[in-house]
Amino acid sequence: MKADILMTGVGGQGVILASDALAEIAMKAGHEVKKSDSLGMSQRGGSVVSHLRVGERVFSPMIKKGEADFLMGFERLEGARWVEYLREGGVAIVNNLAIPPLSVVGGASRYPSVSDVEEILRRRTKTIYFVPGTQIAAELGNPQVLNVLLVGFLSAFLDIDERAYIDDLSQRVPQKFLQLNLKAFARGRQEAQCGGAAKRD
Amino acid sequence: MKSLLSGNEAMALGAYHAGLSLAAAYPGTPSTEIMENLARFPGIYVEWSTNEKVALEVAMGASYGGVRALAIMKHVGLNVAADPFFAASVTGVRGGLVVICCDDPGMHSSQNEQDNRHYARFAKVPMLEPSDSQEAYSLMEWAFRISEEFDTPVLFRSTTRISHCKTVAEVAESPEIQRNRPRFVRDPHKFVMVPSNARPRHPLMEERMGKLAAYFETFPMNKVNLRDRSIGIISAGAAYQYAREVFPNASFLRLVTTYPIPESLVREFAAKVERVVVVEELDPFLEDTFKAMGMEVTGKELVPITGELNPEILEERAVAIGLLPAPKKPRAAAVAAGGFPPRPPLLCPGCPHAATSYALRRLGFYHVEPQDDASEKRGGSQYKRRGIITTSDIGCYTLAVYPPLLALDTCACMGASIGQAHGLEKAGVTNRIVSVIGDSTFLHSGITSLVDVVYNEGRGTVIILDNNTTAMTGHQGHPGTGISARGEKARRVVIEDLCRGVGVRDVNVIDAFDLPVIESTIRRCVESEEPSVIVVRGDCPLRVREKGKPLTVHVEECDRCFNCLRVGCPALSREDDNVRIDTLLCMGDRCSLCRQVCHCQAIRAKAD
């Protein structure tokens, strides 16, 4: 399996935890894995991006522009911002949530609408999913499980056994949150497999 | 055992397995996690030191005592520790002494992108550079061995992409760890560097570097890989991985010993290829060495001297200078996707620095009346000539330089704020001047400047923003917190007592969330003829994680002045003509800064 996955979002959304988990799962499934995060300043509510590369032989821990197989935005603007990394015909998965940055709040710039973002992503691919992830996570009981839900969504596209994700979650997540996380994972996966409503093409 | 490790995790584990006894560090991105990982291991002594100079001196002492010791810092930290670094090169070691420094090409979270490889040559110290987590782990044992065998500290250089990238490494599962027994053997000729003792050490240092260069000729982790001979690439560190990606068929010499250079190894490799290309980030460190050896190499004409390298830049440049053919498959057409609103890092909701920054903005150059948005956009053109000048320092509070706070006028390096303010004052600048510095930074290198102000009869006002942690790097302890590197209770240094102790008579301790008191205290102190300190105290909300009752905007009472948005709180947003407070983010009456700046009292708890 070869998969270059770019995960993007806003500091505090759990982007890096999600890519850590996915990297570990891919390694245990026997793949070469490298990942590279933006850390430090971005933890303070800034833009966060995590490059995850899975393949037979991986050298650079960073994905080249135009080569990501998957672009997974945890937030709409951050999904659009990194579009240049997506390859032609790659898969774009965008959590349909808007967190306006301060420049928008102050009125200096405009937040892109859903159709703006769709139009931008369409320059690269027709395979675009808008997932109401935050809303589903809140319905499940905690918006913080968004990252697990999105990993679940992405898992439907990857050639890794479902069991591997569940094993990893069982080790990673404290007992009292485990059921909620497993539910979020299953729901995300299910959304991708049969929740065709989200897909725009 | 196969593990997915960051470079920092790998270095910590490698050092631990190599029989490390003591490690000392000051936090700094991208190096911080090395100490955080070491602090989880039993049987070794670890500490957050007050600064990098102290950390290295502590490690030197341990080495003199015969045990293996580590000092860890970010690149600019080695500037602070340069004095003992050079001294350690002269005295040499007893137990292995390794200095890890993590450079930050691209300045992800630093004030410069200096290339610390120069320190190896400058201080005459051998340098090792891993190119992934496996090497970061395995090289650590070598670093200690080299240090002991050649009687020298070893510079272990990482960069952001080595420290923070996770790659798969094969590590020992539970090796038997052997540590040196601590024992100090007196030897003044080696350890007391009066000129008469230091002079005979210098030729020994030169001799040592010659021996090291010879030793590195056959060092097993330098790797030659001959494929297509038309291009031979010499590289090290993260740049090596990018080069492998971009030139899959080229021949490679991958160096981990980047100082001193094993010259014969390099020449032999060069003789086997048609064209030698050096791929290195930042300065032409290797390139200059090879050119001084009389070799013809392609270097900086390929790789830019500024910024962080990545495979894309390397590929584009290689095509541009004809090293690679233009790609057959045209690259995915550039998507004109610019113009997105930026999302810079921010002060968090409930940040104890926000109120002081807001007050300083109002008192500073950039204050304009809230209604006047147009003049605001013109930046400094509407400044108040008599505004307070704010010199600032390194920490979360530096983020107050961004809109809407615009509170700061300078920021240079750790501890600089107090000295700079004193200099502005003594130069005769007649504005009132305050310096702003965090608790950890003040203890790192602000104290000596404060002593200077007292001694030289300055009238400076020093604002110490005490959030009771080292927040920017992820909440490490420091002497003012009374929490050790292992998270245990330690003796606490009381900052206000320290300030009184050095002779400041006007020391104030105030609440970080009480805007009127903050403003009036600053106004009073800057008018005073003698030096003053204002300790503004309030816990970092990310560390405390307690919330107050969330606030809400009672829109019917709001007159849309939008003054609350000038606080820069991420919990506040504007939807059409209404301000909304995100109750999930709001820290509520723990902070209430927006309530304090609302002149219509429209911001209150929901029920009120």
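Guide: Gladly! Let us begin with B:Thr391, whose bridge partner in strand 17 of chain B is B:Ser435. Keep in mind that this is a predicted model.

Visitor: What makes strand 15 and strand 17 of chain B a pair?

Guide: Two strands count as paired if there are at least two bridges between them. Strand 15 (residues 389-392) and strand 17 (residues 433-438) of chain B have three bridges, in the parallel sense, so by the rule of at least two bridges they pair.

Visitor: Which sheet has parallel pairing, and what is its strand order?

Guide: It is an open sheet of six strands in chain B, with the order 16-15-17-18-20-19.

Visitor: Why are strand 16 and strand 19 of chain B called edge strands?

Guide: Strand 16 (410-411) and strand 19 (506-511) of chain B each pair on one side only.

Visitor: How do you know whether B:Ala271 is buried or exposed?

Guide: The cut-off for exposed is over 50% relative accessible area. B:Ala271 has 68%, so this residue is exposed. B:Ala271 belongs to helix 12 (residues 263-272) of chain B, and its C-alpha atom is 9.6 Å from that of B:Gly232, 39 residues apart along the chain.

Visitor: What makes the phi of B:Lys124 worth a remark?

Guide: Most residues other than glycine have a negative phi. B:Lys124 is not a glycine, yet its phi is positive, about 60 degrees. B:Gln601 also has a positive phi, near 55 degrees; this residue is in the loop between helix 22 (593-597) and strand 24 (603-605) of chain B. With a relative accessible area of 52%, B:Gln601 is exposed.

Visitor: Where are there cis peptide bonds?

Guide: Most peptide bonds are trans. The bond from B:Thr29 to B:Pro30 is cis, with omega near 10 degrees, and B:Pro30 lies in the loop between strand 2 (20-25) and helix 2 (32-38) of chain B. The bond from B:Pro403 to B:Pro404 is also cis, with omega near 5 degrees; B:Pro404 is in the loop between strand 15 and strand 16 of chain B.

Visitor: And how does the radius of gyration of chain A agree with a compact globule?

Guide: For 201 residues, a compact globule would have a value near 17 Å; chain A has 16 Å, so the two agree.

Conventions
Residues numbered from 1 in each chain as written. Chains lettered and ligands numbered in written order. Predicted model: local features only at pLDDT ≥ 70, side-chain atom pairs only at ≥ 80, totals over all residues. Heavy atoms only, no water. Rg over C-alpha atoms; globule rule 2.2 N^0.38 Å. Helix = DSSP H or I, 4+ residues; strand = E, 2+ residues; numbered from the N terminus. Buried < 20%, exposed > 50% of the residue type's maximum accessible area, 1.4 Å probe, protein only.
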